[in-house]
Amino acid sequence: MLPPSRRDFVSLTLNESSSYTNSKQWRRQSCWRKWKQLSRLQRSLILLALMLLLVCGIVTSPTLIGHWRGGAFGGNRDDGKQSFVVDLKNEYRSILPELPSERKDYRRRGPPVLQNRLQSKTNVSGLWRAENHGLDLNNADKGSERGKPIISWRGAVIVEGQASDTDTKDTENRDDPASLALAESRLEAVREAFRHAWKGYKDYAWGHDELKPISKSYGEWFGLGLTLIDALDTMWILGLKEEFAEAREWVAKELSFDKNVDVNLFESTIRILGGLLSTYHLTRDSMFLDKAKDIGSRLMPAFNTASKIPYSDVNIGKGTAHPPRWTSDSTVAEVTSIQLEFRELSRLTGDPKYQLAVMEVMKQVHKLDGKQDGLVPMFINTNNGLFTHQGIYTLGARADSYYEYLLKQWIQGGKTENELLDDYLQAVEGVKKNLLKKSTPLGLTFVGELSHGHFSPKMDHLVCFLPGTLALGAHYGLPADHMELAKQLIETCYQMYAQMETGLSPEIAHFNMHEGSTKDVDVKMADRHNLLRPETVESLFYLYRFTKDKKYQQWGWEILQNFNKYTRVPTGGYTSINNVCDPAYPSPRDKMESFFLGETLKYFYLLFSEDPNLISLDKYVFNTEAHPLPIWPQAE
């Protein structure tokens, strides 16, 4: 029989020996004896240290949890999916350039970002976005890490570290190597995005109006190569010489306006005429001016009305014009947002007919009844020249660029046309008096609409042109409170992006004004689409150019990242989407608007540039399609 070895072992290690034992009871007794042997001062210091460690653990635990939940598109914890994300990181590492490390102590000022991004959806959507849009997952995360939510309150999330604008500006030196490297990497990201969009257009829609990137086909509006013409000056500004050269060759050899086709006066003016004039000024290539003269003269029949208010549609082949089939009205924005282009055409050609035609429109609108504190209705009749559908006032669709062009014509002409300035200043006061409100609970300043005395808290994304326009006016000596209002409104426009699950703005937002509201922005089902619009990026550009506040660049970078996450099509191009509230499937619309290349990417590039002389705002004024036209020499 085997000896009772276990009992022999116990007998050797019990109280008779002082050697090591693994007994839990003995360890507790030993620790307690050592504790009792310490002096009272030593015990107090140890307890204090433990309490400090406990407090630090409690304070830092939300951040640790946030990092644990974070990761590539929500930190998917499924092993199979996680390895898939890692593979995607390697595969798409070269899509966007690697950024230098950004300041970890970057601070954002303004209202907190609402917590609308559901974790359950993020895990699924990350894989969908990566698979379908060819992302650089590394860089996509960098722009969002510093804004990670850490404290929830009534549905809102406080962003890590809030600091003042001056703190950011004073601590950031835009001339130091790190800042310059960051700026260049972002500029390259915009160039890469343009090349990707251009690849889709060149492969599937060359010479046509618009790319349909999902179906790898094209859509026609006028049959005049809208996207190509709209993008000409963007390519020149971005320094994309090869792409510009092939586009120029198409314009020289293929573009003809001798077509039996109806075009919209406003759209063809701001996109085609504006794009050709702008490219002429940047390149001094007379071919573009010749094309501009051709289309400009073909659009003139629109002004052959009894009222001198132009028709909305022109047949550029037949030389005839007419209103839409369903009405004899034109929209106020359309007839008052063609002036910059036709005035410039008169200056270049020496033929005053173009300027006389468009300034007659401004004179008539200036003296019309039906305004409210400088605000104009949305429609004007081409037969009698009077406002119709009176009592409805908005800075959104059908009226927006009227206000923009009041200021910009005054700037273009050397700040001498006082009627234009008076109308603009009166309209700004009318906005403050009638349309400006604050949301609940965060107090975002927004611009609503007025309908027969009833206020509606509805704000189109189009209204986000206003912060940039106000800032431009302040730069040219208009009241300083215009700049303060611009800063408040750009915060709101940014939040229209940040509070959406995809980080992209809806076409229309409704703001809550009721006490007890937990969310500032509501989006109706029919308004959830995003068309790749430029207005917010445009205003970010103006605000950064005038204030040098880095937060505006950071906000723009976040928006660009989200365009890459949700709208980029792997085979080329970007697509508008139907639902900014569903990151798992935003429902692509299969359409890339020409203004994505003509405006949105151009404004991104100018926003990230540190060169104030790149399209200097003291020498150029942008038309409403982001085509820069020179301020007239007498203004200098």
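Arginine 533 and glutamate 507 form a salt bridge, their closest N and O atoms being 2.9 Å apart; the term denotes a side-chain nitrogen of Lys or Arg within 4 Å of a carboxyl oxygen of Asp or Glu. This pair links distant parts of the chain, 26 residues apart: arginine 533 lies in the loop between strand E19 (521-522) and helix H21 (535-547), and glutamate 507 in the loop between H20 and strand E18 (508-511). Helices (H or I, at least four residues) and strands (E, at least two) are DSSP runs, numbered from the N terminus. Arginine 533 counts as buried at 16% relative accessibility, and glutamate 507 is buried with a relative accessible area of 13%. Here buried means under 20% relative accessible area, exposed means over 50%, and partly exposed lies in between (1.4 Å probe, protein chains only).

The model is predicted, and local features need pLDDT of at least 70, side-chain atom pairs count only at pLDDT 80 or more, while totals for chains, interfaces and linings use all residues. Residues are numbered from 1 along each chain as its sequence is written, and side-chain values use heavy atoms, with hydrogens and water left out.

The structure holds 27 salt bridges. One of them joins lysine 433 to aspartate 373, with the closest N and O atoms 3.6 Å apart. Because lysine 433 lies in helix H18 (residues 418-434) and aspartate 373 in the loop between helix H16 (353-367) and strand E10 (379-381), the pair ties together parts that are 60 residues apart in sequence. Lysine 433 counts as exposed at 61% relative accessibility, whereas aspartate 373 is partly exposed at 30%. In another salt bridge, the side chains of arginine 195 and glutamate 188 meet at 3.1 Å, N to O. Arginine 195 is partly exposed, with a relative accessible area of 34%, and glutamate 188 is partly exposed as well, with 26%.

Aromatic rings provide a further set of contacts. A search of the whole structure finds 24 aromatic pairs. Rings of Phe, Tyr and Trp (its six-membered ring) pair if their centres lie within 6.5 Å; planes under 30 degrees apart count as stacked, over 60 as edge-to-face and the rest as tilted. The rings of tyrosine 402 and tyrosine 403 form an edge-to-face pair, because their planes stand at 75°, with centres 4.9 Å apart. Tyrosine 402 is buried at 1% relative accessibility, and tyrosine 403 is buried at 4%. By contrast, tyrosine 494 and tryptophan 555 are stacked, since their planes lie at 5° and their ring centres are 4.2 Å apart. This pair links distant parts of the chain, with tyrosine 494 in helix H20 (residues 481-498) and tryptophan 555 in helix H22 (residues 550-566), 61 residues apart. Tyrosine 494 is buried at 4% relative accessibility, and tryptophan 555 is buried at 0%. Elsewhere, Trp557, Phe563, Tyr574, Phe596, Phe604 and Phe608 form one aromatic cluster.

Three strands in the order E12-E15-E16 make an open sheet with antiparallel pairing; two strands pair if DSSP finds at least two bridges between them. Strand E12 (392-393) and strand E16 (454-456) are the edge strands, each pairing on one side only. Strand E15 (residues 449-451) pairs with E16 in the antiparallel sense over three bridges. The bridge partner of glutamate 449 is serine 456 in E16.
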